[in-house]
Amino acid sequence: QVQLIPSQVGSAGAMADASAAEQAEEGGIPLSQASLQQLNAVKQQLEQEVRSLLNNQAALREAEARFQASIESLKSLCPENNGKAMLIPLTSSLYIDGHMTETKKVTVDVGTGYYIEMSVERAHKFCSRRCKLLSDNASKVEGVLKDKKKSLEQLQITMQQKMYMLQQQQEAAKSEER
């Protein structure tokens, strides 16, 4: 069950509402007891968290794809290809002609600007480990993302119910005035 935690509420008025509710139930209040203002603040926060998690997941999948491409490239480094002509990328769309002179060692970017010379076999293992790590992390982010989306959906349903109840109360008050 999603609960509103008062520290998640952004505006001063909602904070005052939250402090009274906080006394009723320490650590958070049930969604059904929160004001629309509080619910909207939590909704905005959840939406921001979902966007952030989607960006993180995309970055992890992109990095995983780069390591997969590196693994595929390492397969071409075999003794039979020594001396063969190849295209060397200068940018993603600019290449120059070259020849493969080394098929036993590669220089690997291990992060934060550090490069290590490794055997092709060791580089393959390194890239495979990184792929697995990135895949596992992306899966964890996906699980958290599902939970956040479920919470957001639950919150939106509660907000719709509260707005409907408010509308019904306003209509009842108008009919009593007549």
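**Entry 1: conventions**

I take helix axes as lines fitted to C-alpha atoms over the stretch in contact, with angles running from 0 to 180 degrees between N-to-C directions. I am working from a predicted model, in which local features need pLDDT of at least 70 and side-chain atom pairs count only at pLDDT 80 or more, while totals for chains, interfaces and linings use all residues. I number residues from 1 along each chain as its sequence is written, and side-chain values use heavy atoms, with hydrogens and water left out.

**Entry 2: overall layout**

I looked up the secondary structure and found 3 helices and 6 strands in the protein chain. Helices (H or I, at least four residues) and strands (E, at least two) are DSSP runs, numbered from the N terminus. Along the sequence I read the pattern β-α-β-α-β-β-β-β-α. I then checked burial, and 29% of the 178 residues of the protein chain count as buried. For this I call a residue buried under 20% relative accessible area, exposed over 50% and partly exposed in between, with a 1.4 Å probe and protein chains only.

**Entry 3: α2 against α3**

Two packed helices are described by the angle between their axes and the distance between the axes. I looked up both for this pair: the axes of α2 and α3 come within 7 Å and cross at roughly 160 degrees. I therefore list α2 and α3 as roughly antiparallel to each other. The cut-offs are under 35 degrees for roughly parallel, over 145 for roughly antiparallel, 65 to 115 for roughly perpendicular, and oblique for the rest. I noted the crossing of α2 and α3 as left-handed, that is, the near helix is turned anticlockwise from the far one by less than a right angle, clockwise being right-handed.

I also looked up a C-alpha pair, D147 and V50, which are 97 residues apart in sequence and 9.7 Å apart in space. D147 has its place in helix α3 and is exposed, at 53% relative accessibility.

**Entry 4: salt bridges**

Side chains of opposite charge can pair when their charged atoms come close. I count a salt bridge when a side-chain nitrogen of Lys or Arg is within 4 Å of a carboxyl oxygen of Asp or Glu. My search of the whole structure gave 10 salt bridges.

Which residues are linked with R61 in a network of salt bridges? I found E64, E142 and K146 linked with R61 in that network.

I took the E64 bridge to R61 next, where the closest N and O atoms are 3.1 Å apart. E64 and R61 are 3 residues apart in helix α2 (residues 36–74), so about one helical turn separates them. E64 is buried, at 14% relative accessible area, whereas R61 is partly exposed, at 31%.

R61 also meets the side chain of E142 in a salt bridge, at 3.8 Å from N to O. I have E142 as partly exposed, at 32% relative accessibility.

D136 is partly exposed, at 33% relative accessible area, and K132 is exposed, at 52%.

I placed L74 in helix α2, and L74 is buried, at 9% relative accessibility. L74 and K104 are 30 residues apart in sequence, and I have their C-alpha atoms 10.0 Å apart in space.

Most residues other than glycine have a negative phi, and most peptide bonds are trans. Where does T112 lie? I found T112 in the loop between β5 (105–111) and β6 (114–119). Phi of T112 is near 45 degrees, a positive value in a residue other than glycine. T112 counts as exposed, at 75% relative accessibility.
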